[in-house]
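Below are some notes for a colleague opening this structure for the first time. They are set out as numbered points, to be read with the model in view.

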Amino acid sequence: MTAPNESSQTNDPEQLRRICRRYEALADAQGSIVWVVNPTLHTVGQSEGWERYTGQSPQAYAELGWIAVVHPDDRDRLKAESARALTSEESLVIEFRIRRADGVYRRNLIRAVPIREGGRVVEWIGTASDVEDARQTADEQRDLRARLLALTNGADGLLAARTLDVTYAAAIELAREVLPGDSYGIWVLTLASREWRMVARHGVGEQFAAERVEGDLVTFAQPIGVPTRPRPSLRWCA
């Protein structure tokens with residue numbers, strides 16, 4: 001099979017349109033959006049994939065309207081990176097958040113290449129690929145590894161503790177490393193009085209720490225969340 005002559009692709013408008021449609025179909029099958037902008041970042045033509053993904057109408061997408069669905073915190077970086085790529089006339093690879101049709105911002109990987117004509121860049125053609133799920137999985141794996149490392153390191157401190165106070169302090173520090181939260185406390189049950197009292201804390205107010213809560217032994221396998229102000233309905237299981 002012989003590849004089409006490059007000059008015929010460039011000079012035959014219909015063949016060029018067919019090539020563009022094939023490229024768009026391939027990118028769409030891979031879950032990517034194809035778009036074209038001119039050197040001033042104004043859109044060229046329509047992008048059905050973009051319209052489906054963002055919910056923008058062709059009128060809203062046109063010109064510079066597409067920037068409206070880019071996360072406000074990412075726009076300056078996008079403009080700066082785009083300006084750099086335009087000046088150097090090099091390919092652009094950048095990741096930023098785009099508002100999906102349901103209103104949720106999702107991280108997208110953008111790749112764009114310059115199209116030259118007569119020795120100058122006349123257009124940029126690129127793709128946008130939603131990578132949010134992949135990034136979340138990677139973030140979760142990094143977080144899990146960090147927590148496991150903290151748990152391993154924290155266990156050394158607990159094993160080395162020789163007094164209850166040191167043990168409590170090490171346990172609080174370990175909890176801060178592996179369990180996200182605003183405040184932490186260790187409660188101990190006095191069997192004679194059937195009262196729970198806080199013996200170690202971080203980020204807990206004096207008034208709450210001074211509370212005594214009536215109750216019995218509690219069996220649990222997961223951490224128990226306690227509101228900052230004890231409620232009567234929670235006293236038994238605090």
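1. In helix α7, the buried residues are Tyr168, Ala170, Ile172, Leu174, Ala175 and Val178. The model is a predicted one. Helix α7 covers residues 164–178, and its end C-alpha atoms are 21 Å apart. That agrees with expectation, because 15 residues at 1.5 Å a residue should span 21 Å.

2. Next, the sheet beside this helix. Three strands make up an open sheet, ordered β5-β6-β7, with antiparallel pairing. The edges are taken by β5 (184–190) and β7 (213–214); each has a single partner strand, so one side of each is left without a neighbour in the sheet. Strand β6 (residues 195–202) runs antiparallel to β5 and is joined to it by seven bridges. One of the paired positions is tryptophan 187, whose bridge partner in β6 is methionine 198. Helix α7 packs on this sheet and touches both β5 and β6; the direction of α7 makes about 135° with that of β5.

3. Where does histidine 71 lie? Histidine 71 is in the loop between α4 (58–61) and α5 (75–88). Its relative accessible area is 15%, and because buried means under 20%, histidine 71 counts as buried. Leaving aside residues up to four places away in sequence, histidine 71 touches Arg97 and Tyr105.

4. Arg97 also takes part in a charged pair. There are 11 salt bridges in the structure. In one of them, the side chains of arginine 97 and aspartate 74 meet at 2.9 Å, N to O. Arginine 97 belongs to strand β2 (residues 92–99) and aspartate 74 to the loop between α4 and α5, so this pair ties together parts that are 23 residues apart in sequence. Aspartate 74 is buried at 5% relative accessibility, whereas arginine 97 is partly exposed at 27%. A network of salt bridges links Asp74, Arg77 and Arg97.

5. Two further salt bridges may be looked at together. Glutamate 90 pairs with arginine 84, with 3.9 Å between the closest N and O atoms. Glutamate 90 is partly exposed, at a relative accessible area of 44%, and arginine 84 is partly exposed as well, at 37%. In the other pair, the side chains of glutamate 132 and arginine 107 meet at 3.1 Å, N to O. Glutamate 132 lies in helix α6 (residues 132–160) and arginine 107 in strand β3 (residues 105–117), so the bridge ties together parts that are 25 residues apart in sequence. Glutamate 132 and arginine 107 are both buried.

6. Which residues have the most contacts inside the largest nonpolar core? They are Trp35, Trp50, Trp66, Phe96, Ile98 and Ile110, in a core of 22 residues. The elements giving two or more residues to this core are β1 (32–37), α3 (48–54), α5, β2, β3 and β4 (120–130). Strand β2 provides the largest share, four residues. In soluble globular proteins, nonpolar side chains tend to be buried together.

7. Beyond residues up to four places away in sequence, isoleucine 98 touches Trp50, Tyr53, Thr54, Val69, Val104, Tyr105, Arg106, Asn108 and Ile110. There is also a second, separate core of eight residues, with Leu189, Trp196, Met198 and Val204 among them.

8. Strand pairing around β4 comes next. Valine 113 stands opposite isoleucine 125 in β4. The hairpin of β3 and β4 has two residues between the strands, and glycine 118 in this hairpin takes a positive phi near 65°.

9. Last, the chain as a whole. Its secondary structure comes to eight helices and seven strands. The chain has 238 residues, of which 29% count as buried. Of the contacts between residues at least 6 apart in sequence, 35% join residues at least 24 apart.

Notes. Residues numbered from 1 in each chain as written. Predicted model: local features only at pLDDT ≥ 70, side-chain atom pairs only at ≥ 80, totals over all residues. Heavy atoms only, no water. Expected span 1.5 Å × (residues − 1). Buried < 20%, exposed > 50% of the residue type's maximum accessible area, 1.4 Å probe, protein only. Pairing = 2+ DSSP bridges. Contact = heavy atoms within 4.5 Å. Axes fitted to C-alpha atoms, helices over the stretch in contact; angles between N-to-C directions. Salt bridge = Lys/Arg side-chain N within 4 Å of Asp/Glu carboxyl O. Core = buried A, V, L, I, M, F, W, Y, C linked by side-chain atoms within 4.5 Å.
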